[in-house]
Amino acid sequence: MGTHADDDANVVTEERKQEKLKRPRLYRVLLHNDDYTTREFVVFVLHSVFHREEAEAVRIMLHVHYNGVGVAGVYTREIAETKVNRVERMAREEEFPLRLSIEPEEEDEH
Ligand code: TYC
């Protein structure tokens with residue numbers, strides 16, 4: 001004799017699994033301003049790693065320069081972390097102190 005409680009538990013589990021598959025959490029990759037990294041290097045990073053067109057790369061770089069922080073792109077966690085690691089290595093090789101960070105986007109309610 002199957003109970004209703006068991007049935008409900010199974011339904012809830014399946015719904016949660018399905019939601020996770022549908023909407024992976026997304027993360028913003030943030031670029032932080034500093035006084036030593038060249039504008040040219042930041043534009044190069046935005047173009048080569050974050051696939052921004054030239055004009056958009058310049059716009060984002062200037063936003064960070066004047067406001068202190070800005071969004072380079074939005075990705076799933078693993079891709080965001082991989083891009084941060086790539087840029088940190090590139091910056092280190094050029095001896096620039098460029099800093100990046102990752103923050104989760106707020107979950108939407110739909
Ligand atoms: N402020 C830097 C300069 O004047 C340029 C810069 C922009 C550095 C964005 C870092 O994330 C950055 N050379």
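Reply: In this predicted model, an oxygen atom of the ligand lies 2.8 Å from a backbone N or O atom of H32, a polar contact being a pair of N or O atoms within 3.5 Å, where within protein one must be able to donate a hydrogen and the other to accept it, and residues adjacent in sequence count only if both atoms are side-chain atoms. A polar backbone atom of D34 is 2.8 Å from a nitrogen atom of the ligand, and a polar side-chain atom of H65 lies 2.8 Å from a nitrogen atom of the ligand. The protein buries 89% of the 350 Å² that the ligand exposes when taken alone, with accessible areas taken from the Shrake-Rupley method with a 1.4 Å probe, and for residues with only the protein chains shown as cover.

The shell around the ligand, which counts residues with a heavy atom within 4 Å, consists of H32, N33, D34, T37, R39, V42, M61, V64, H65 and L98. By class, this shell holds four nonpolar, four polar and two charged residues, where Ala, Val, Leu, Ile, Met, Phe, Trp, Tyr, Cys and Pro count as nonpolar, Asp, Glu, Lys and Arg as charged, and the others, Gly among them, as polar. Helix 2 (39-48) and helix 3 (54-67) each supply at least two of the shell residues, and helix 3 gives the most, with three; helices (H or I, at least four residues) and strands (E, at least two) are DSSP runs numbered from the N terminus.

Local features need pLDDT of at least 70 and side-chain atom pairs count only at pLDDT 80 or more, whereas totals for chains, interfaces and linings use all residues.

Terms used: Residues are numbered from 1 along each chain as its sequence is written. Side-chain values use heavy atoms; hydrogens and water are left out.
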